[in-house]
Amino acid sequence: MSEMPVGRAVLHIMWNFSLPSSPCNTSGYSINPSISSLDTASVHSEDFRPSTSLQTEGSSSNSVKSPLRQDSKWPSPFPIPKLSYDVELKLRKGNEVYAKTNKSLEVTRAMKTEILDRLAQAIFELRGGYPAKDEVASVASALVFKYPCLRDQDSITGCDAWLMSLRYKIGNYRAKLRDAGCNEVDVNRKRRRGEGEDGPFTLKKPKRGEVNHVPDYPDHHDDNTLEEERLALVEEFKKRKRNMTEIKQKMGLTFSLRRKEIVEMQPMVSEVQERWPALFSLEEISEEFHRITSKDLLVTFRAALDKYVNRLLKLYRARKGAFGPVMEDLLDKLDEETRDIVSQRKTAALRGLPIFIREDASKFFLKRLVTDPEDAVVQGVPVGILTIYEDDYATTSPAVQDVAVVLEGAIILRDLPDLSTAFAYLFGLLYAINIEYPKSLKYTFEAIQTIFFELGSGCSQRIRSLKTKLLQ
């Protein structure tokens, strides 16, 4: 500095590092190398202030990311994580001996702990603390496939002992996560009487292929800061001219708080509407479904319906005599349609699905005239789709005025273009509000979940049979 003219010092700031983009880097900072070319440079404290917003489309690049899982499919085969160098070396030597002598490796307690710890962590990163039984079995099978020296000589599969140990390890790992404050397992903490736990305890775990069931809060956020964001979100949604980009950003930011409330407290739909009104907009139903499952709601549903509509109708026609006059009437009305045939075929495919699976959908697919009182039709209906007709719907070609979604005896969504769109949004709402499938239609919704959306690791024998017929 002494060689520089008095009062004219030049400061060069060189950034020569960057934070990697990885699941561990949830801060969301992106710092690129740069050199100031100005005579003077000023550094503002705002440039280094931790951001308090979740990174979503349309949000700033230096925002905080929430640790959400992105893949809904369980990998096959399961990728065994890399172990410590000494354990990897022992296993490699053990495989060489096994190939020559067919003798399994004697696993020390330390080795077994290392292997099980790494596997439990890998499972949690992919599926959370409550993997399905067949998913855990696939991990044990993949382990002995990669390291044959670990095979259990006393079992047929060769991995029964590892499978049992892995199940216990996952349970112990859940306890550690609960002590660490992990939301996904903390919602299942058994509370003492008086702490808000009313009635019998029920395990609140993902049951329908949810990828992000109850995620942890984003960095630099807690209950208080997320509640402030929720209040700001409610105020923004009340405006006549809403900033949809800001609403989407705040809905993404408060996702973990919303899921914790919905899964842990199991509120009524009306209570969710009061606290989270934006959740019931069409855009946010799709966004929320994507956050939970990593699937695109409308694109996936429409693509699957286009794929299976012809096969479903073919199955209905092939066995319509076995389902009585209800199926025959449905197909006869479809044959009489002369307008919007594509939409009518999709509607018939969806209406015929519960009939084919032998379930009663009379209290699910609701109908009324535009002049009929609304409350008389939807009262007491837990889940349903209401079609409103201008004329008598018994005529050959009734005119549809509106299609609506019904939850807990009230209309939640109106002005939907057709029944298939209403069905998609209803399915998204069931995930967004964590509502169980109606008991009278559990197989119908299971078919939509496992066949249309390919969510979950297994299905019932009835749906497996339907899937086989559709793929023939």
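Biologist: Hi! Which residues does Asn 183 touch, leaving out those up to four places away in sequence?
Modeller: Asn 183 touches Val 214, Pro 215, Asp 216, Tyr 217 and Lys 260, where contact means heavy atoms within 4.5 Å. This is a predicted model, in which local features need pLDDT of at least 70 and side-chain atom pairs count only at pLDDT 80 or more, while totals for chains, interfaces and linings use all residues. Residues are numbered from 1 along each chain as its sequence is written, and side-chain values use heavy atoms, with hydrogens and water left out.

Biologist: Is Asn 183 buried or exposed?
Modeller: Asn 183 counts as buried, at 6% relative accessibility. Buried means under 20% relative accessible area, exposed over 50%, and partly exposed in between (1.4 Å probe, protein chains only).

Biologist: And where is Asn 183 placed?
Modeller: In helix 5. Helices (H or I, at least four residues) and strands (E, at least two) are DSSP runs, numbered from the N terminus.

Biologist: Where is confidence lowest and where is it highest among the elements?
Modeller: Helix 5 (residues 183-186) is lowest, at a mean of 81, and helix 15 (residues 419-432) is highest, at 97. That is pLDDT, the predictor's confidence in each residue, from 0 to 100. The protein chain averages 83, and 81% of the residues score at least 70.

Biologist: Over which residues does pLDDT stay under 50?
Modeller: Residues 1-64, for which the model has 90 contacts beyond four places in sequence. Where pLDDT is low, the predicted coordinates should not be read in detail.

Biologist: Good to know. New topic: at what angle do helix 11 and helix 16 pack?
Modeller: About 105 degrees, with the axes of helix 11 (residues 297-318) and helix 16 (residues 442-452) 10 Å apart. Axes are lines fitted to C-alpha atoms, for helices over the stretch in contact, and angles run from 0 to 180 degrees between N-to-C directions. Helix 11 and helix 16 are therefore roughly perpendicular to each other; angles under 35 degrees count as roughly parallel, over 145 as roughly antiparallel, 65 to 115 as roughly perpendicular and the rest as oblique.

Biologist: Which residues meet there?
Modeller: Thr 300, Phe 301, Ala 304, Leu 305, Tyr 308 and Leu 312 of helix 11 meet Ile 448, Ile 451 and Phe 452 of helix 16.

Biologist: How do helix 13 and helix 15 cross?
Modeller: The axes of helix 13 (residues 341-356) and helix 15 cross at roughly 50 degrees and come within 8 Å. Thr 347, Leu 350 and Arg 351 of helix 13 make the contact with Leu 419, Ser 420 and Phe 423 of helix 15.
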